[in-house]
Amino acid sequence: MEDILLKELTSRYVDSLPEREKVDYINVIAIYDVCGYMLKARPSVTVCLDCKHSVQCDELELPPDFNFDHFTGLRTRGNLIFVTVNMFQTFRVIESIIESHFNPIGQMYAENSFEECITKISKAQILKLFCDIHRDHHLPYLIREYVGVRYHFESVRLKNLMLSQSKAVKVSNAKLLKHA
């Protein structure tokens, strides 16, 4: 899967991505937070200083009009990682592809769903991250890991949704029996 990403993505790097008009603030904050988690949990991608500077930054290095890092800033006590705007924008594009892939609900359980999602992502235009030497290894790896994390989150969400629907049916049936 990383080979598919590498083969396709290398021809699709762009210098800038268009800003989206519609912003789901909660979703965007979650994307920023997960990007920081991805870097913290996978320190091997930031061993090279050039790679590190392309994806990780200090809070003060972010543009003043960039406000998606505020939640991370409120919760950090020196342990959370702030990511660059380029990394955030790249994974925002990837997240939009993943969200569309998960519709309808339960799509993630279809056969070859993960591979189809990776194929869709490989056709996206993204920003260059990491240094020229490590980009071909780190970027596909991090994208694949991000998709895996999102599949986990979606399976938990779907399980909770199914449990809540089941519980609601049981409660309504209990009420009907009580009043019958």
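Me: In which helix is the place of Thr 72?
Reply: This is a predicted model, in which local features need pLDDT of at least 70, side-chain atom pairs count only at pLDDT 80 or more, and totals for chains, interfaces and linings use all residues. Residues are numbered from 1 along each chain as its sequence is written, and side-chain values use heavy atoms, with hydrogens and water left out. Helices are DSSP runs of H or I with at least four residues, strands are runs of E with at least two, and both are numbered from the N terminus. On this assignment, the place of Thr 72 is in helix 4.

Me: Is Thr 72 buried or exposed?
Reply: A residue is buried under 20% relative accessible area, exposed over 50%, and partly exposed in between (1.4 Å probe, protein chains only). The relative accessible area of Thr 72 is 1%, so Thr 72 is buried.

Me: Which residues does Thr 72 touch, not counting residues up to four places away in sequence?
Reply: Contact means heavy atoms within 4.5 Å. The C-alpha atoms of Thr 72 and Gly 36 are separated by 8.8 Å, although these residues are 36 residues apart along the chain. With residues up to four places away in sequence not counted, Thr 72 touches Tyr 32, Asp 33, Leu 80, Ile 81 and Phe 82.

Me: In what order do the elements of the chain run from the N terminus on?
Reply: The chain has seven helices and four strands. Read from the N terminus on, the order is α-β-α-α-β-α-β-α-α-β-α.

Me: What percentage of the contacts in the chain with a separation of 6 or more comes from residues 24 or more positions apart?
Reply: The C-alpha atoms fill a box of roughly 70 × 40 × 35 Å along the principal axes, and buried residues make up 40% of the 180 residues. Among contacts with a separation of 6 or more, the share of residues 24 or more positions apart is 80%.

Me: Why is the pair of Phe 66 and Phe 88 edge-to-face?
Reply: Rings of Phe, Tyr and Trp (its six-membered ring) pair if their centres lie within 6.5 Å; planes under 30 degrees apart count as stacked, over 60 as edge-to-face and the rest as tilted. A search of the whole structure finds nine aromatic pairs. In the pair of Phe 66 and Phe 88, the ring centres are 5.4 Å apart, and the geometry is edge-to-face because the planes stand at 80°.

Me: Which residues form one aromatic cluster?
Reply: Phe 66, in the loop between strand 2 (56-57) and helix 4 (70-75), and Phe 88, in helix 5 (residues 85-101), are 22 residues apart. Both Phe 66 and Phe 88 are buried. The cluster consists of Tyr 25, Tyr 32, Phe 66, Phe 68 and Phe 88.

Me: With which residues is Val 85 in contact, leaving aside its neighbours within four places in sequence?
Reply: Val 85 lies in helix 5. Its C-alpha atom is separated by 9.4 Å from that of Ser 54, 31 residues apart along the chain. Beyond the neighbours within four places in sequence, Val 85 is in contact with Leu 62, Pro 63 and Phe 66.

Me: Which residues do salt bridges that share partners join into one network?
Reply: Glu 145 also forms a salt bridge with Arg 144, with the closest N and O atoms 3.2 Å apart. Arg 144 is partly exposed, with a relative accessible area of 23%. The network joined by shared partners is Arg 42, Arg 144 and Glu 145.

Me: Where does Phe 130 lie?
Reply: Phi of Phe 130 is near 70°, a positive value in a residue other than glycine. Phe 130 is buried, with a relative accessible area of 3%. Phe 130 lies in the loop between strand 4 (126-127) and helix 7.

Technical notes:
Salt bridge = Lys/Arg side-chain N within 4 Å of Asp/Glu carboxyl O.
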